[in-house]
Amino acid sequence: MTAAGYRVAPARLDAEAGESGTRAEALSGAKSAVAGEKVPAAAFGRVSESAAAAKTFEKTMTELGGKLESHVARLRTIQSGLTACAAGYRRADAQVAAMYRALLPEDPLPRAGNPAGIGGAADTGAWAHAIADNRVKVADALTAERARLAALTDAGEIARSQARIKLYEDILANDRQILRFDPSGNGRIAELVGHIEPGTRNVGLFVPGVNTQMSNFDAYAGLGRSLVAADPAGRTAVVVWADGVFPQNPVVQGPDASYAQAMAPDLKTFADDLRGEIAGHAGPGVTLTAIGHSYGGATVGLAETHGLDVDRVLHVESAGMGHGVWSPADLPPSQAGVQRYSMTAPLDPIVVAQGNAWGLEWTGIGHGADPDVFPGVTELATGNDATGSALWGVSSHNDVLKPGSDSWTNMYRVLTGDGSVLP
């Protein structure tokens, strides 16, 4: 006899958990409506039995509310149980996968198409172990976030929690390559989009800006996916790096350099690790481009003062070259050969920050020189969006990242070394 096998689909369990949660919300709303239903005795007519009828009505409503509350609690228990089961199966899958990956050699033997024996895609080595470990962390975070969502009442917090849950579910469902993950606070995360493997020639390191948090990370990851998908030869990979604490208020916290000062050394260290992955899995001839958007530009600029090991830097609607960076002389000798580019849409409010220390640089305010006019920087046009409308004003600050725009095209061309950028 052979034992019958079965397969558990965590995504189905998640879907059922979501349905239970939806039904619980509906019943909870009905319970609130019942609890708020008050009928005065006069509604039953001005007869001696009116008071008794009102009390009977109140008792009936109370009993109904109690029954509804019992059903809500039961559905919440089912939801929690299904979610915990899904997380448990994902954890087991991730642990088994990590165990098998640990058995793989760090450096595969020479083979056809890879005579030097250079490692394959980033599914072996230190990053593979990190991806497997982070998959377990994401599964645990999904369980915790579902439980947290059930207790929230603020609409903004509910929306952010739902966005996190959607991100975590997508990461697990699509085996996304999460290199760094910490769900505490606003969250910290970094993702590799594409693969670093023999044949890879272009690697991007994208750093977003103000308001970056776990709940909106997928918008930036989407940019990475669009850049990777645009290369028909499959030679391009992008790391979307949000492994830091970002300012959340552009007016109050945006001018403060302390966030960038804290992230810059970590970004430099991460770039060193990235270089190691490139050397071990793709070999020579790979160009690494750092792309900083908004506050991310100032962070990339400060990382350069620490010796950020990249071939190109692209400032996109950047806040500046980095606190205290006013000329090439403020950068270490290691950065002498870095190619730099910058683009800023007309009337983007970020121009108020560019090159402006407000006379308070000594207090940690300001982000250094304007990248568009920094010596040696090639200024690029933002041009039009996908519909042909000119990119300008407040909306352009994020619209420049949208595929199909001239600005996105310039980003792709800088990343891939295409000389046909739009000046």
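**View 1. Strand S5 and its partners in the sheet.** In strand S6, the bridge partner of Thr289 is Arg312. The model shown here, and in every view that follows, is predicted. Five bridges connect S5 with S6, and the two strands run parallel. S5 is also joined to S3, by six bridges, and this pair runs parallel as well. Within that pairing, Val207 stands opposite Gly292 of S5.

**View 2. The two sides of strand S5.** In a regular strand, side chains alternate between the two faces of the sheet. Thr287, Thr289, Ile291 and His293 point one way from S5, while Leu288, Ala290 and Gly292 point the other way. Are these residues buried or exposed? All of them are buried. Seven of the seven residues of S5 are buried, so the strand is largely enclosed by the rest of the structure.

View 3. Eight strands form an open sheet in the order S1-S2-S4-S3-S5-S6-S7-S8, and their pairing is mixed. Which strands lie at the edges? They are S1 (177-182) and S8, each of which pairs on one side only. Neighbouring strands of the sheet are turned by 15° against each other on average, with direction ignored. At the S8 end, three bridges link S7 to S8, and these two strands run parallel.

**View 4. Helices H3 and H4 packed together.** Two packed helices are described by the angle between their axes and the distance between the axes. For H3 (residues 126-151) and H4 (residues 155-173), the angle is about 150° and the axes are 9 Å apart. H3 is therefore roughly antiparallel to H4. The crossing of H3 past H4 is left-handed. Residues of H3 that meet H4 include Val138, Ala139, Leu142 and Leu149. On the H4 side, Ile158, Ile165, Tyr168 and Leu172 are among the residues that take part.

**View 5. The surroundings of His367.** His367 sits in the loop between strand S7 (339-343) and strand S8 (377-379). This residue is buried, with a relative accessible area of 1%. Which backbone atom does the side chain of His367 reach at 2.7 Å? It is the backbone oxygen of Gly254. Leaving out residues up to four places away in sequence, His367 touches, among others, Asp256, Tyr295, Met321, His323 and Asn356. Ala319 is another of the residues in contact. The C-alpha atoms of His367 and Ala319 are separated by 6.2 Å, although the two residues are 48 residues apart along the chain.

**View 6. Ala242 in strand S4.** Ala242 belongs to strand S4. It is buried, with a relative accessible area of 3%. Apart from neighbours within four places in sequence, Ala242 is in contact with Gly187, Arg188, Ile189, Ala190, Pro208, Thr212 and Phe217. From C-alpha to C-alpha, Ala242 and Ala221 are 9.9 Å apart in space, and they are 21 residues apart in sequence.

How values were computed
Residues numbered from 1 in each chain as written. Predicted model: local features only at pLDDT ≥ 70, side-chain atom pairs only at ≥ 80, totals over all residues. Heavy atoms only, no water. Helix = DSSP H or I, 4+ residues; strand = E, 2+ residues; numbered from the N terminus. Buried < 20%, exposed > 50% of the residue type's maximum accessible area, 1.4 Å probe, protein only. Contact = heavy atoms within 4.5 Å. Polar contact = N/O pair within 3.5 Å; in protein donor to acceptor, adjacent residues only side chain to side chain. Pairing = 2+ DSSP bridges. Axes fitted to C-alpha atoms, helices over the stretch in contact; angles between N-to-C directions. Parallel < 35°, antiparallel > 145°, perpendicular 65-115°, else oblique. Left-handed = near helix turned anticlockwise from the far one by under 90°.
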